[in-house]
Amino acid sequence: MKLLYRKTQEEFEAEILEVKEKDYKVIKKSKQFQFDWTKEKSNHVFKIVKSNEEKSEILGLLSIINISEELRIHINLIENSNDNKGKLKKVDRVAGCLLAFAIQLAFEKGYLGFTSLVPKTELIRLYVNKYGFSQFGGQLAIERQEAIKLIQKYL
Amino acid sequence: MKYEKIYKKLREKYSDKEIVDSMLIPQDLTEKEKKELSKEMRELRMQKLRETTEEDMILADVMRLRFQIENYIKKESFSFEKTFGKYLGEYLRIIKKSRREIAEDLSVHYTKLSRIINDKEEPNIELSYRLEKHSGILIKAELWWKLMIKKHEFIISQDQETRIKEQRKVKNPLRA
């Protein structure tokens, strides 16, 4: 997958890797994340980093839950590093790639790409507009054609 | 309320749009609310699954095939069980078309297509472009072609006989 330096519009290759125990120390020490990611340890947690760099900085994090009995992947939390938040962010497409990765897992598991989330009420409309999620009762979800569109855009 | 507190702090610095661009902040839910949402989702999910069409299944399986090829290219060693021909055969199985039908769709002779699927003949780049179009651009030509590159990298690394035979024909090599 490709990320983009916002200033130069130069693309670079990135990869998503599972977060290991030692990463949590790095995450905390970096002071780049607002959420306490150690609380996500019981979920599947992934990091996005620049490819082929030995000590690559973590650009964003993703926490998901595989709810196999409902054939869905649930996104619990996504967060870009502080350097990649807001108007002055260094790298673009980070959250989109993490989201698309979760959807990829939902396809790989045979869930037709079904991926859900429960965002804050104030933000629901924005997630619907930006990523193409639909309302499923009190949750948002994406699947099938809309899910494929996101993968085609980001992965 | 853990997420609400962080959201309020973030709102001092970022707009909602900027937050959505770089984060997913979940709602704070009680255990009771979580259970209710889960029950509701289970019912809706099962209803949606009952509405699944054959086209939905095909598209989802083509996506899975794409990810299988990508993972093989990136993470695995070459295998004669994972060639262009083998994956093409799998693609046919997924889209539920016969070799004759797909040969016609791709404007390729039936015998040639069968030989490619059976790894008796090598595909050309043109076939990769046609397969890209046929898969609705879900599996790009580059990815199909990487299967050939992986195979040839392996063959070159193993074929000492041809290496020696061809290198005997070289004059004035650089002394490195």
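## Exercises on a two-chain model

Phe12(A) counts as partly exposed because 13 C-beta neighbours lie inside 10 Å; the class sits between buried (20 or more other C-beta atoms within 10 Å) and exposed (12 or fewer), with C-beta atoms placed from the backbone. This is a predicted model, in which local features need pLDDT of at least 70, side-chain atom pairs count only at pLDDT 80 or more, and totals for chains, interfaces and linings use all residues. Residues are numbered from 1 along each chain as its sequence is written, while chains are lettered from A and ligands numbered from 1 in the order in which they are written.

**Exercise 1.** Find what Phe12(A) touches, not counting residues up to four places away in sequence.

*Solution.* Start with its place: strand β2 of chain A (strands are DSSP runs of E, at least two residues; helices are runs of H or I, at least four; both are numbered from the N terminus). Next, list the contacts (C-beta atoms, placed from the backbone, within 7 Å): Lys2(A), Leu3(A) and Lys50(A). Finally, take Lys50(A): 38 residues separate it from Phe12(A) in sequence, yet their C-alpha atoms are 7.4 Å apart.

Terms used:
Two residues are in contact if their C-beta atoms, placed from the backbone, lie within 7 Å.
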